[in-house]
Amino acid sequence: MKKIAVTTTGGDAPGMNAAIRAVVRSANFAGWKIFGVKRGWWGFIENDFIHLRNGDVSGVIARGGTILKTHRCPLSRTKEGMAAIVRNLKKIAPDGLIVIGGDGSMSAAYEVSKRCAVPVIGIPASIDNDIAGTDETIGFDTAINTALYAIDKIRDTATSHERVFIVEVMGRSRGFLATSVGLASGAEIILVPEIKWRKERILKTLLSFERRKSSLIIVMAEGAGSSEELASYISSNSKIHVRVSKLGYIQRGGSPSVDSRFLASIFGYEAVRLLKGGRKNLMCCWVRDRFKTVPIDYPAKHRKKLDRKLILISEVLAGKKYE
Ligand code: F6P
């Protein structure tokens with residue numbers, strides 16, 4: 001009987017449980033033994049894994065987070081750590097490993113695939129949607145809707161007090177989440193790590209809006225700079241009333257949306273089908289509404305492009321004056 005393993009690594013994302021469910025149900029349907037490795041790569045280092053049967057994933061499709069837990073594992077980036085992971089992987093699941101996680105997880109999965117013959121399949125899951133090769137990652141749609149729900153509420157109080165709000169969203173190095181939720185929430189300004197900006201110019205834009213709008217929202221990715229410093233500059237150099245609201249970790253939780261559950265279910269099913277077909281070292285992708293695969297090292301070798309036009313469109317639709 002074939003033995004495979006599934007694990008969730010890196011930052012968690014809503015929909016990871018739906019993906020685990022799809023992998024477990026598909027593996028059991030194939031008559032294979034499926035092990036869930038706990039806490040990402042730590043589970044391989046410490047041999048912390050459980051045999052998963054269909055009943056173990058009942059009722060998880062609607063739950064945020066991951067029943068397997070996930071921990072950041074710096075040890076996986078060391079020679080010794082990787083050797084321990086590979087050694088235990090070959091013992092636990094010689095017939096396949098399915099890794100559910102973000103871009104760092106895909107790179108680690110690639111490193112594992114280079115060090116042993118165990119076939120590896122990656123399932124992209126991250127609220128950042130920053131993984132090259134796939135149009136969308138599991139969790140992204142849920143996170144932007146969570147952020148949108150919050151920003152719409154902030155807009156109410158901003159309008160009542162005629163204030164500017166800087167809403168900081170997640171995205172340590174990429175601005176996909178900020179751009180999508182900025183456009184959807186009608187933000188007047190969107191700040192992302194990919195595009196340099198000057199505080200003087202932000203103030204000038206705010207002042208050009210101010211007399212015509214009773215509230216202004218700046219959506220700022222956490223990696224785009226300091227929301228507090230920008231707020232203090234605006235307050236010290238104008239009569240504008242500014243407040244900062246950091247959405248933080250609510251963007252990582254919650255019941256996964258239809259999109260996130262859909263991606264998770266298709267990716268989980270297809271990952272097992274790829275292993276059954278003798279395929280290996282690939283990442284599941286969703287491209288123009290179709291399932292595709294790329295080599296597992298594709299995200300490590302390519303940088304997903306941010307469509308800057310979306311930011312321009314958002315500013316025009318928010319009523320920015322032609323310059
Ligand atoms: O990668 C997803 C993400 O949520 C980023 O947007 C965020 O900056 C980071 O993880 C936070 O990492 P941690 O959960 O380790 O604090």
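In this predicted model, the side chains of Asp297 and Lys301 meet in a salt bridge, with N to O at 2.4 Å, a salt bridge being a side-chain nitrogen of Lys or Arg within 4 Å of a carboxyl oxygen of Asp or Glu. Asp297 counts as buried at 13% relative accessibility, whereas Lys301 is exposed, with a relative accessible area of 57%; buried means under 20% relative accessible area, exposed over 50%, and partly exposed in between (1.4 Å probe, protein chains only). Because the model is predicted, local features need pLDDT of at least 70 and side-chain atom pairs count only at pLDDT 80 or more, while totals for chains, interfaces and linings use all residues. Residues are numbered from 1 along each chain as its sequence is written, and side-chain values use heavy atoms, with hydrogens and water left out.

- Salt bridges that share partners join Arg39, Glu46 and Asp48 into one network.
- A search of the whole structure finds 15 salt bridges.
- Arg174 forms a salt bridge with Glu194, their closest N and O atoms being 2.7 Å apart.
- Arg174 lies in the loop between β6 and α6 (176-185) and Glu194 in the loop between β7 (189-191) and α7 (199-210), so the pair ties together parts that are 20 residues apart in sequence.

**Burial of the Arg174 and Glu194 pair**
- Arg174 is buried, with a relative accessible area of 7%, and Glu194 also counts as buried, at 15% relative accessibility.

Methods: Helix = DSSP H or I, 4+ residues; strand = E, 2+ residues; numbered from the N terminus.
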